[in-house]
Amino acid sequence: MSNEPLLRFDDGLPDELLALDELDLLRALGRPTLVRWPGTGEARARAVATLLHGDESTGLEAMLRVLRRRRVYPFDLYHVIGNVRAALEPPGFAYRYLDDQEDFNRIWGLGDPTTAQRLAADAILAELRTADLESLVDVHNNTGDNPFYAIVTLETPEVLNLATLFTTTLLRWDLELHTLMEATHDLCPSIAVECGLPGRPESRAFAIDALRRYFGSEPLATNQVVRDHDLLGGMQKVMVRPEVRFRFGGELDDTVDLVLDADLDAHNFREVPAGMVLGWVHPGAAVPLHAIDADGTDVTDGHFEVVGQHLVITASGTPVMMTRTVEATRKDCLFYLATERPAPMDAEPPDPGAEDWQDASPRTGGALGALDGTGVLDADPTDPHQDGFSARLQPRPLR
Ligand SMILES: [Zn+2]
């Protein structure tokens, strides 16, 4: 058997492979795979990447469902099947990547490949660079509860028009993490699409619908943005410090240093107010998180504080991709914090009496009813002798 790092098919997958279920197909492939599905040649090529993370099965499931119809498109279609080894590790679709691997979506465009995985990524990239691509879409899942959304690195009309074929909730990504999307964005409009939790029928249905819209769409308009959308930006990466032992939910005891709210991911894509409690720490403990912005600058102090035993957010922001597993937190991060939101379409002129969040507590509280009384530390803006965030907080009892 060949030990080439990349398996290639230039004329689609043969029927006997396409008929297999997902895991049997991956067993037959055994390694990262690039399939070219020839089209009629009337339009420029398109590409879809799936399974760069071994536990994110929705993209592969949806692609196989669509490809089994064997439609011939006006364009050549390139399909990347990424971390096959991690996906095959029992019980199947359980690992983002294996302990002896790197994250397959953090190694693109590095050059001088030293490992089988990096060689595969380089070989895929080399072929995509010669394919005259019109666009590329990298399909992922989340590990926490999130809406369906797309990630863009540029805000050109063609990128926004590609992304909004999938969904109109968009995130701008400036973090430079050597993802496939970043390695190809000089080549063609290139986005990532996040299809909710893996294994859910609604995730699969969304991905199937969206891929069919993509494959059925005209070439992307480059002169104007054709669909309205919401774009979040100013992303900061929030990690749990490596020495901190933590869990989601339960009691704070001697076995952990941090207990995170078990339902944190319910706040994904919702703006949370300053004072929201993320978790609980031992008396006297420092902030157990580490946050960096797109430049790698440490921004922890500007966003998080320990008040008593509460770990709180000290500036309003919108958490996204918040996870609920220790493994995902360790392998990537706890969540990303979007600090820029689009203005609402029907925004009213600023109210001169509400300059900042302290003065607007009834309004923010009302908009975030689920947090009332349990998740948010109240501020007391009426006391003129207090200053600094901690002094204004009136912590509620631990749950
Ligand atoms: Zn992923």
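Two strands count as paired when DSSP finds at least two bridges between them. On that basis, this predicted model holds an open sheet of 5 strands, with mixed pairing. The order across the sheet is E10-E11-E12-E15-E14. Strand E10 (246–248) and strand E14 (304–307) stand at the edges. Each has a single partner strand, so one side of each has no neighbour in the sheet. Neighbouring strands here are turned against each other by 25° on average, direction ignored.

Now look inside that sheet. Strand E12 covers residues 277–281, and strand E15 covers residues 310–313. The two run antiparallel and pair over 3 bridges.

Next, move to another part of the chain, around strand E5 (133–140). E5 is mostly covered, with 7 of its 8 residues buried. It pairs with strand E3 (residues 45–50) in the parallel sense, over 5 bridges. Alanine 49 stands opposite aspartate 138 in E5 on this pairing. E5 also pairs with E8, again in the parallel sense and over 5 bridges. Here valine 139 faces valine 193 in E8.

Which elements does helix H6 pack against through its buried residues? The contacts reach strand E5, strand E6 (149–152), strand E7 (169–172), strand E8 (190–194) and helix H8 (201–216).

H6 itself spans residues 157–166 and is mostly covered: 7 of its 10 residues are buried. They are Val159, Leu160, Asn161, Leu162, Ala163, Leu165 and Phe166. In an α-helix there are 3.6 residues a turn, so residues three or four places apart point the same way. The buried set of H6 includes the run Val159, Leu160, Asn161, Leu162 and Ala163.

Finally, follow the chain out of H8. Serine 217 lies in the loop between H8 and strand E9 (230–240). Is serine 217 buried or partly exposed? Count the other C-beta atoms within 10 Å: there are 13. A residue is buried at 20 or more and exposed at 12 or fewer, so serine 217 is partly exposed. Serine 217 and leucine 165 are 52 residues apart along the chain, yet their C-alpha atoms are separated by 8.3 Å. Leucine 165 is one of the buried residues of H6.

Terms used:
Residues numbered from 1 in each chain as written. Predicted model: local features only at pLDDT ≥ 70, side-chain atom pairs only at ≥ 80, totals over all residues. Helix = DSSP H or I, 4+ residues; strand = E, 2+ residues; numbered from the N terminus. Axes fitted to C-alpha atoms, helices over the stretch in contact; angles between N-to-C directions. Contact = placed C-beta atoms within 7 Å.
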